Amino acid sequence: MRLLKCRYFNCGMQSCLVTNVFANQHSDCDDVLTSGVLNGPDLPPIELCQDEDFGSLAQCNVIGSCNADPTGRMCISIACCRVPKHTSDWDRVLRFGLIQLDKICDNDYSLVYFHHGYEKLNKPSWKWLITCWRSFARKFKKNIKAFYIVHPSTKLKMVFRFMKPLVSIRAHSKIVYCQRLSDLAQHVMLDRLDIPLEVRAHDKNLRARSVDNMTNTTGLGNWMGQSEIPAFSQPGYMRVFGGTLVETDEVPSVITDCIDYLSLTNNIKEEGLFRRCGNATELKAIKESYNTGQNIDLNNYCPHTIAATLKTYLRELTIPLLTFEAYPTISSWTDFPADTQIVLCKKLLDNIPPVHYCCLRKLVLFLNKVISSSTQNLMTSQNLSIVIGPNLTWSRHTITTLADINNINSFTQYLIDNPHLFERETNNTVSGVVPTTSVTS
């Protein structure tokens, strides 16, 4: 195969060699360089209209979101195979993407990009890709903490190499190439992620071709239906994280410990509490200590790591705090009028198991304290609902959509702003749930 030397791919040491298969992609390169797109300043923000009708584009689920990141960040997924074929108005696609991201990206987030399905019928130009990057608001670039590219092609890697001069070294270091879904499973929870059937089938074909990965693929767990020995079944494990609340008759110690620590005056005023990510290594150590029954002093860790620990515990429950049964109501929350919402909320709180109620009440009353210090920690009820809400409920059978996330966040904010809904006082035990006429914390 004839090799061509590409003058556009200078890595600093030498020019990169590309095959003639890739040569036809270079028709846009001259336009990129002559237009000044490559080295120009950031473009002004694109005018967005929230009421714009995106038609079939909005129904294709190209962009999804979920709480699949173990560190507590929101996880956004983009599936290339779901982009409508013969797409020509890429500026419209950009506006749609920015509107969806704008709902989530005020806080730290991870991005998962499924590259399988990228073909000529749904392929944008290089100039458009670069324009996209320059059009992104600063918060999109700053708050992304990890960018996972699943099933990357050689061409795609070369594109990112071409765009390397546009981004900082720090931003480029966030890119993680995942050749298989098993690689991605080392970073996110696959069972919470909206993985297209085409991507699953493609990954299965890739694994079938690989002799090394024919058996015992690590990380896929129950998602692939493979048997593996979970960590909590090993000697000494207590299954604190990844367990269920019904296994105990009181508020778990991890919830009580985290809330007591975060309630301290200096900690509750920490700027960006629950929004900023904690230290991943420390979080792993804390989980290990709880799972093995070791004594742990939370004072040795920063408030952000303890807040991340609390979110992680809630997110890894096998039955969410607000239960699967409540999900249909919560995921349609904004569809109900205000007078109906209060009736539904009271009914929902009456129907969840007592231990779930105890934990939820303790959490909500604490979050209400957090917003009372919002002048210092900058966390309002709306901000808290965005980072806490997705950890409280999810569907048992379907993938949570962006619209569902917005409803879950609205419901969470409703709870935080209305602590009087918890008319039953508890003493941290199921048997201690008693009626009361006022809420005391």
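## Basis of the model

Residues are numbered from 1 along each chain as its sequence is written, and side-chain values use heavy atoms, with hydrogens and water left out. Because the model is predicted, local features need pLDDT of at least 70 and side-chain atom pairs count only at pLDDT 80 or more, while totals for chains, interfaces and linings use all residues.

## Nonpolar cores

A nonpolar core is taken here as a set of buried Ala, Val, Leu, Ile, Met, Phe, Trp, Tyr and Cys residues joined through side-chain atoms within 4.5 Å, where buried means under 20% relative accessible area, exposed over 50% and partly exposed in between, with a 1.4 Å probe and protein chains only. The largest such core has 55 residues, and those with the most contacts inside it are Ile-255, Phe-274, Leu-314, Leu-349 and Leu-360. At least two residues of this core come from each of several helices, among them α11 (253-262), α14 (303-315), α16 (338-351) and α20 (402-417); helices, like strands, are DSSP runs numbered from the N terminus (H or I, at least four residues, for helices; E, at least two, for strands). The largest share, 11 residues, is supplied by α17.

Leu-360 touches Leu-321, Leu-322, Leu-349, Ile-352, Leu-415 and Phe-422, when residues up to four places away in sequence are not counted; contact here means heavy atoms within 4.5 Å. A second, separate core of 30 residues includes Trp-90, Leu-111, Ile-144 and Ile-405. In soluble globular proteins, nonpolar side chains tend to be buried together.

## Cysteines

The structure holds 0 disulfides, a disulfide being a pair of cysteine sulfur atoms within 2.5 Å. For Cys-81, the closest cysteine sulfur is that of Cys-80 at 7.4 Å, which is too far for a bond, and Cys-81 is itself buried, with a relative accessible area of 11%. Cys-359 is likewise in no disulfide, since the nearest cysteine sulfur, in Cys-358, is 6.7 Å away; Cys-359 counts as buried at 1% relative accessibility.

## The open sheet

An open sheet is formed by 5 strands in the order β3-β4-β5-β6-β7, with mixed pairing, and two strands are said to pair if DSSP finds at least two bridges between them. The edge strands, each pairing on one side only, are β3 (63-66) and β7 (175-178). On average, neighbouring strands of this sheet are turned by 20 degrees against each other, direction ignored.

Strand β6 (residues 144-150) pairs with β7 in the parallel sense over 4 bridges, and Ile-149 has Tyr-177 in β7 as its bridge partner.

## Aromatic pairs

The structure holds 7 aromatic pairs; rings of Phe, Tyr and Trp (its six-membered ring) pair if their centres lie within 6.5 Å, and planes under 30 degrees apart count as stacked, over 60 as edge-to-face and the rest as tilted. Phe-274 and Phe-366 form an edge-to-face pair, 6.1 Å centre to centre with 65 degrees between the planes. This pair links distant parts of the chain, 92 residues apart, with Phe-274 in the loop between α12 (265-268) and α13 and Phe-366 in helix α17. Phe-274 is buried at 0% relative accessibility, and Phe-366 is buried at 3%.

Trp-333 and Tyr-414 form another edge-to-face pair, 5.3 Å centre to centre with 65 degrees between the planes. Trp-333 lies in the loop between α15 and α16 and Tyr-414 in helix α20, 81 residues apart. Ring pairs link Trp-333, Phe-336, Phe-411 and Tyr-414 into a cluster.

Terms used:
Axes are lines fitted to C-alpha atoms, for helices over the stretch in contact, and angles run from 0 to 180 degrees between N-to-C directions.
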